[in-house]
Every structure is written in structure tokens, then in C-alpha cells.
Amino acid sequence: MNQEFRNKLLMTLLIAAAAVTVNGCSAMSPATAKETVTPPATVISANAESMESAIRFLEDRVRRDPEDFIAYNKLAAYYLQRQRETGSVNYLTLAAKAARASLSVMPAEQNVGGLAGLTTVEFAAHEFVSARDHALKLIDLERKKSYPYEMLGDALNELGDYDKATTAYAKMAEIGGRSVSIETRLARADLLRGKADGAVERLTFALALASAQQPPARETVAWIRWQLGEIAYSTGDYTKAEQHYRDALTTFPDYYRALAGLGRALAAKGDLPNAIANYERAIRVIPDPSFVAALGDLYQLAGRDQEAAAQVALVEQIGKLNVANGMLYNRQLALFYADHDLKPDDAYAQAAREYGDRRDIYGADAVAWTALKAGKTTEAQAAIKEALRLGTRDARLLYHAGMIALAANDQQAARDYLRRALALSPQFDLLQAARAKQAMQALGE
């Protein structure tokens, strides 16, 4: 797609967004607490056997007929679903192969399903520039459908182009109306702009919609409940967070995101043994480096130093595999190194390299935090300003800002940021929150 068409498309989206705002489209207005009640948690069937049977059938079909691009598309969709459920990079690799095989048989102009599959794979693999460009091509091919605008908005969000992402979501809502997809995305927009209450309202409405579907999608319902838990945790309500995580696990036992979330909530409430047990369960599902790092911190707090050291070694091993997997965990590893005062120059280089393309606020925060640990205080100050530009109410961002201000000898700003971080979520991170409290004591608070 040429640059002229892209500019025209984005201008059209801006006009559409303005029209949605002027006309008061209900799809862009959050649900209110009076409208929606959180549905009770129920068990949702996994249908694992039927899914595996379908995967085996489709794998056999493409072996027998390598020209069956429709079978490749269906296979990619199943692999992507399994990847969302398990977090496994292996399924992502399989989905990528299936999507590319489909497009090699039939070009995108006659095979939008193949292009949509590839775009979804690219997003999941953190190839956000390619995902954005392919979403724009999908819009060119499917102008009257809402899903390409969803894909475009998602990619733009991760690239830090928030205004254009909001515009894409407005067009998505104009075409498709209120839906689980639009409400969850607008909830994230609210969160990024410091509107936690609005995000909860939207997610609660999305949960009601998802739960009412026949049959409901297990992973989608569990994901929304997990998101509600994340918001409760971020605002310091650890009891409510625990309940949301438990509700997610009622819906989807062994859902790795909810297991880790529950572990974090229990740790914040002082229950280290059960916190450790839940993180161990999460890691048995998928050894995500952020889970491994958190478990190592819990082992350290519990006095299990040998096991803590083993988790650090495991993160290092994941770092080596990360290079082979396309830098999927690049940001998580950079933050791990910074949090634990390891490899400061490497951590900064990793964060800065990623931020070259992915200029979102959390990328800016990673640059700021790693720059501080690498002794680059001036760069840290500039980057944390970018990280805070949307007014996001995130205790970790505020903590980083406070420690950077302290390093720059701006004690008043340091007090303000650290006070705000601890007021928002006193146990935002078991190790880092303790350091924030120590810094406040050193400042005479």
C-alpha cells in the first residue's frame, strides 16, 4: 500500500471518529455500573478433545492436499487459539507456518483469511510494524468489515500511536457496534489514560456479553476476569483482585495468567506459601520470564536462596532462547535485569533497541528504568516523561519516576512520585515496593 493511500485512509478514520463523537454513538460510551452486573463465575467446557481432533484432521488434510488454503487458514486459527490458552510459542510458530503456506497457495487479494491469520500471528509475535501494515492492507481489501480496524488499532496501540489507534477503534465500533472486542479495547484506552473506573465498567459489560454467548469462549471469559483482577491489583484492592483471579480459574482451571495473578495477590496479602504454589503452577504451564522472576523473588523473601538463584539462572536461559524466538520477551528481560541490578548496559541496549520501533509508554518506561541503572540519568529523565505522558495511573511507572528524580537530586519530585506510587498500590511489587518505602524513609517520610 502506498503512502498516499495510507494518509488518505487515516484521514478518513479521523473524520469517522469525529462523526461518532458528534452523533453520540452508544458503542463509544462506557457501560455504567447500573446497566451491568458482573456475572457469577461458572465452569466453561474446554472442548479440548474436539479441538485436538480438528487440528489432527486439518493437519492430515494439508498433508494430503498442500493446495487447500482454506484448511491452512482454519489450522492457523486453531493454533492461535491454543497459543492464547497455553502461552506456548510452539503454537505461534505452527500458526505462522500455516498462514504463510495459505498465502503461498492463494495471494491475499483472493485470500483475506490467510492475510488475517498472518496479521494475528505477527501481532502475537510482537512484529507490530508488519501487523500494522498488513492490517492496512486488509482494510483496503475489506473496507466494510470491522475486524481489520480492530487489528490496526491493536498494532498502533503497541507502537505507541494512541490517537490513531483510538480512531481505528472508532471505525470498528461504527461498523460493528458494541461487542466484546470493542469494549475490551476501549477499556485499555481508559486504563492508559488513568481512568480505571471507566475500564472496569467496560470490562464488566464485555464480560456480560462474552458470558451470554452460546457457547461462551472459555479463554475470552477468563481473560476478562483476569483483566479485572489486574485493575483491582493496580489500585491496591488485593482482596478484590484475588476474587477476580479465582473466578477466572473457576472458568478456566490452570489458566496461566490467572494463576500468576493469584500468586501475586496472595503475596501482597502476606501468604507466601500459597503465592509460591500458584506461581509454580503457572510456570508448569508456561515458563514466562516475568513469572519465573517473580517466583525467584518470592523464594528470596521466603529464605529459599538456592531456589531463588535457580530461578535467576532460568531467566538467563530464557534470555538465550529469546534470541531464537524473535525477541518475544525482550522487554520483560530488560526490566528483570534492571530490577535485579544485573547487566545494566545490556538491559539498556535491549530496551532502547525495542523502543526504536515500538514507541509505547511502557517501552519508554523500560528505557527510563534501564537507563537509570546504566548511569544515564539525563536519558532516564527524558524517557520517564514520555512514559507518563498519558497520565497513566500505574504504581510501577510512578516508582520509576520517583527513583529517577531521586538520582537527579530532585527530592521534592521524588517524594511526590513515591508517595503516589505507594498510595495507589502499597505492594505493587514485593521487592520494588520495599525499596520505594526505604527511599521514602531516607527522604524523611
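Visitor: Is α3 mostly covered or mostly uncovered?
Guide: Mostly covered. In this predicted model, 13 of the 18 residues of α3 are buried.

Visitor: How far does α3 reach, end to end?
Guide: α3 covers residues 69-86 and reaches 26 Å from its first C-alpha to its last. That is close to the 26 Å expected at 1.5 Å a residue.

Visitor: What follows α3?
Guide: Gly87 does. Its phi is positive, near 75 degrees.

Visitor: Switching to helix pairs. At what angle do α12 and α13 cross?
Guide: Roughly 155 degrees, and their axes come within 9 Å. α12 is residues 238-251, and α13 is residues 256-268. Angles over 145 degrees count as roughly antiparallel, so α12 is roughly antiparallel to α13.

Visitor: Left-handed or right-handed crossing for α12 and α13?
Guide: Left-handed.

Visitor: Which residues of α12 and α13 meet?
Guide: From α12, Tyr238, Glu242, Tyr245, Arg246, Ala248 and Leu249. From α13, a list including Leu259, Gly261, Leu262, Arg264 and Leu266.

Visitor: How do the residues of that α12 and α13 contact divide?
Guide: Into 10 nonpolar, 1 polar and 3 charged.

Visitor: Back to Gly261. Buried or exposed?
Guide: Buried, with a relative accessible area of 4%. Gly261 sits in helix α13.

Visitor: How far is Gly261 from Tyr233?
Guide: 8.7 Å in space, C-alpha to C-alpha. In sequence, Gly261 and Tyr233 are 28 residues apart.

Visitor: Another pair now. How do α19 and α21 pack?
Guide: At an angle of about 35 degrees, with their axes 10 Å apart. α19 runs over residues 361-373, and α21 over 395-407. The crossing is left-handed.

Visitor: Which residues make the α19 and α21 contact?
Guide: α19 brings Ile361, Tyr362, Asp365, Ala368, Trp369 and Leu372. α21 brings Leu397, Tyr399, His400, Met403, Ile404 and Ala407.

Visitor: And how do the residues of the α19 and α21 contact divide?
Guide: 10 nonpolar, 1 polar and 1 charged.

Visitor: Last topic, Glu142. Where is Glu142?
Guide: In the loop between α6 (128-141) and α7 (147-158).

Visitor: Why does Glu142 count as buried?
Guide: Because its relative accessibility is 16%, and buried means under 20%.

Visitor: What is Glu142 in contact with, leaving aside neighbours within four places in sequence?
Guide: Val112, Tyr147 and Pro148.

How values were computed
Residues are numbered from 1 along each chain as its sequence is written. This is a predicted model: local features need pLDDT of at least 70, side-chain atom pairs count only at pLDDT 80 or more; totals for chains, interfaces and linings use all residues. Side-chain values use heavy atoms; hydrogens and water are left out. Axes are lines fitted to C-alpha atoms, for helices over the stretch in contact, and angles run from 0 to 180 degrees between N-to-C directions. Helices (H or I, at least four residues) and strands (E, at least two) are DSSP runs, numbered from the N terminus. Angles under 35 degrees count as roughly parallel, over 145 as roughly antiparallel, 65 to 115 as roughly perpendicular and the rest as oblique. A crossing is left-handed if the near helix is turned anticlockwise from the far one by less than a right angle, and right-handed if clockwise. Contact means heavy atoms within 4.5 Å. Ala, Val, Leu, Ile, Met, Phe, Trp, Tyr, Cys and Pro count as nonpolar, Asp, Glu, Lys and Arg as charged, and the others, Gly among them, as polar. The expected span of a helix is 1.5 Å times one less than its number of residues. Buried means under 20% relative accessible area, exposed over 50%, partly exposed in between (1.4 Å probe, protein chains only).
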